[in-house]
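Below are questions about the terms used for a structure, each answered by setting a value against a definition.

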Amino acid sequence: MRRREELVQTSPTSERQADRGLSAAVDGMAFHEWTTMAELAPYLGKGWRDLLTALPPRQVEPQPLYRSPLGTKLDAAYGEEEYDSFQRLLLDAWSPDRVVLGYDRSILLTASASFYAAEEIIRAINTWTAEAWLARDERLHGLILVSGSLPEVAAQEIRRFARNDRMVGVAIGANALNLTFGHPVYHPIFEAAAEEGLPVVIQTGSDLAANLLTPPIAGGQSSSYGEYKTLNTQSHMSHVAAMILQGLFEKYADLRVLLVGGGLTWVPGEIWRLDYAYRFNHQSTPWLRRLPSAYFKESIRVSTYEMERSLSNDALAAVLSAAPWMRSSLVYTSGFPNRDCLAPDDVASRLPVDWVDDVVRNNALDLFRWPEGNL
Amino acid sequence: MARYNEPIVDVDIHHKPRTDAEIVAYLPARWREYVAGDGHGNTDLVPVRHLGGGGLTPGSQADRWATDGSRPGSSLELMREQLLDRHNYWRVVLTHDQGEWAALHNPYFAREVTRAYNNWNIDTWLSWDDRFYSAVAVPNGEPEEAAKEIRRVGGHPRLVSVLLGVNALGRPFGDPLYHPIYEAAVEMGLQISVHPGPWNRPNSTVHSVGGGRGLTEWLSQAGQAGMAHIASMIVHGVFEKYPDLKVVIKEHGVTWLPSLMWRLDDNVDLLRHESPWVQRLPSEYIHDHIKLSTQPIEESSDDRRGLAKLLQSVEGMENLLCFSTDYPHPTDDEPEFAMRQFPAGWLPKVFCTNACDVYGWTPPPLPSSQRSLAGSTR
């Protein structure tokens with residue numbers, strides 16, 4: 001992992017990319033976050049505004065089950081206005097061509113037990129993103145945050161931004177109904193996303209809300225954050241299995257899904273094992289017409305954040321050579337400003353040379369349906 | 001001709017009585033009455049499965065039924081014919097049907113059922129064939145009771161392991177509540193077998209985020225709990241506390257292990273901060289204390305060598321795998337199939353000497369050509 005100081009002092013990425021002949025990166029997800037309800041107040045309906053800004057503050061956002069005792073953000077990202085550090089440390093230092101803004105803490109709202117209040121805050125967050133952030137730099141793009149608690153409301157929220165070209169995907173948040181995202185109850189969300197041509201982003205950590213009835217990992221509750229973080233990939237595994245096997249991609253052939261936050265070394269084994277299980281029991285999923293791996297390759301993308309760090313480049317190359325189709329699956333996502341975020345160069349230096357352009361740029365352009373070429 | 005013709009150790013074969021009456025006969029009178037009930041057979045010796053039972057592909061297990069109607073895994077003759085005598089079997093670790101009794105809702109019944117199974121096992125299968133070794137059945141929801149049972153029968157020379165099926169306390173197996181089991185196992189010179197089962201309950205989940213609905217989802221994701229148990233044992237310092245303990249994670253698959261090792265090592269700062277007894281790199285504990293049984297081998301659907309490429313990305317992976325068939329279950333792996341999946345140089349280790357390493361057995365003599373491939377077995 002790069003030290004934080006290096007991240008701050010790094011030379012503009014664009015210069016080094018020019019040395020290598022690379023085009024500028026497209027960042028599939030960096031995080032932006034609101035700090036106080038006052039920031040969102042202008043975007044709340046009046047009744048809700050009176051309620052949610054009154055003192056003492058009302059707790060709508062669920063507590064996370066685990067918190068990192070070592071903190072989560074880069075040290076350098078503290079101490080100034082959020083946009084200022086975002087501009088200085090990401091936009092200026094790494095010079096991405098485009099950045100998609102995702103949600104970190106807000107993702108927990110999607111599991112709120114106070115889900116009517118949460119829906120209003122989520123609506124405000126989306127408007128705040130579109131108006132307060134996207135206006136600041138034309139490279140920035142947003143995700144429409146939606147909650148699975150009320151799938152029809154989520155679908156309306158997606159359609160609310162149908163004409164906003166800068167809102168380029170849907171962040172689905174937690175499995176709020178304690179079911180994996182393969183369950184038909186969530187289909188209105190995927191239907192709206194597919195109709196609007198927006199990919200759906202699933203993040204690790206969204207499963208951490210303390211009031212969810214389903215544990216984020218298998219085998220019983222972890223005892224520590226480090227244990228959870230090691231195993232957080234498991235939410236991706238369960239969602240992938242459920243989405244594919246329950247026929248989501250047969251129903252919505254144009255739908256694309258991006259998995260963020262769980263690393264990438266788990267992917268080949270997971271996909272082979274899905275094929276393995278399917279072959280034994282294919283009669284029970286008659287709606288599928290292809291192997292599970294075929295749906296994965298076509299419809300699911302995997303973020304480079306947080307790619308595993310403790311394996312050598314040779315070992316990583318061996319994993320990737322076992323599943324060469326991942327060249328089309330991996331999407332560069334910085335994960336900024338989290339402490340394990342990765343600059344485009346950090347990712348590029350770990351990948352096979354001929355994969356770099358696809359992973360750091362082209363796959364994101366394809367996923368978010370942007371035309372080729374710089375802005 | 002098979003790629004490996006030398007002695008085979010199979011660490012996961014499922015054996016069971018021809019009928020439950022064989023086990024009931026070993027229960028105390030009070031519990032025989034409990035099972036008998038009104039005489040119409042309403043009480044099972046195994047816990048209720050949330051997914052139900054049954055095979056996968058219709059007919060996939062048909063040839064495992066004996067001609068006299070004995071159910072799969074209950075006929076010694078058929079097991080010999082289909083497996084032990086057809087291949088060069090040296091030793092077998094019999095693991096009951098899955099070791100799920102700890103999930104019985106009635107803990108007092110679970111105690112008696114596991115005790116009855118152990119007595120039956122010793123009187124029958126372990127006396128029938130010199131190749132048979134097995135595991136102590138325990139009610140892991142009551143770790144002190146489990147420890148008592150381990151001390152009661154664990155001295156039997158053919159009992160080499162303790163079988164942990166479902167995690168009945170709803171906590172992963174590193175949790176301190178389970179440590180009396182490990183203490184007794186080490187004391188008796190036994191190793192641990194962790195085996196999955198379809199008991200997805202709110203307190204003993206096999207899958208994350210509510211997954212595992214339907215048999216294909218369950219089967220495809222059954223490795224998740226194995227990952228969690230390994231992480232948990234390392235995080236709770238089980239191998240610092242019991243340095244002689246070895247654990248075989250059975251039937252959870254193998255392809256997730258490299259990723260788990262890297263992800264554990266990625267988070268070593270956090271793990272040390274929260275669990276100061278994690279003194280070494282997590283992957284080092286895995287190399288020294290953990291083995292995986294090979295079935296179900298997740299054959300690559302991308303290219304024939306994909307699985308080997310993935311496994312070879314971890315140095316020393318050939319020391320971490322122990323061959324298993326999972327006979328007679330519907331997804332069992334034939335030895336020839338398993339042999340095709342690994343590099344030739346790995347086969348003596350995977351098919352024999354790694355298991356010897358776990359169970360403290362002196363490996364059988366291998367022809368010199370195979371021995372040089374196997375290298376030392378520590």
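Q: Leaving aside its neighbours within four places in sequence, which residues is B:C322 in contact with?
A: They are B:V11, B:V248, B:K291, B:S293, B:T294, B:V350, B:N354, B:A355 and B:V358. Contact here is judged by C-beta atoms, placed from the backbone, that lie within 7 Å of each other. This is a predicted model, in which local features need pLDDT of at least 70, side-chain atom pairs count only at pLDDT 80 or more, and totals for chains, interfaces and linings use all residues. Residues are numbered from 1 along each chain as its sequence is written, and chains are lettered from A and ligands numbered from 1 in the order in which they are written.

Q: Why is B:C322 called buried?
A: A residue is buried if 20 or more other C-beta atoms lie within 10 Å of its own, exposed if 12 or fewer, and partly exposed in between. B:C322 has 28 C-beta neighbours inside 10 Å, so B:C322 counts as buried. B:C322 lies in strand β8 (residues 321–322) of chain B; a strand is a DSSP run of E with at least two residues, a helix a run of H or I with at least four, numbered from the N terminus.

Q: Which residues touch the most other members of the largest nonpolar core?
A: Among its 225 residues, these are A:I158, A:V170, A:A193, B:I150, B:V162 and B:I181. Such a core is a set of buried Ala, Val, Leu, Ile, Met, Phe, Trp, Tyr and Cys residues joined through C-beta atoms within 7 Å. Helix α9 (residues 223–235) of chain B gives the most to this core, with eight residues. Beyond four places in sequence, the contacts of B:I150 include B:V162 and B:I181.

Q: What makes β1 and β8 of chain A edge strands?
A: Eight strands of chain A form an open sheet in the order β1-β2-β3-β4-β5-β6-β7-β8, with parallel pairing. Two strands pair if DSSP finds at least two bridges between them. β1 (26–31) and β8 (330–331) each have a single partner strand, so one side of each is left without a neighbour in the sheet.

Q: How do you know that β2 and β3 of chain A pair?
A: Strand β2 (residues 98–102) and strand β3 (residues 140–145) of chain A share three bridges in the parallel sense. Within this pair, A:V100 stands opposite A:H141.

Q: Which helix gives the most to the side of chain A that touches chain B?
A: α12(A) does, with eleven residues. The contact takes 61 residues from chain A and 63 residues from chain B.

How values were computed: Two residues are in contact if their C-beta atoms, placed from the backbone, lie within 7 Å.
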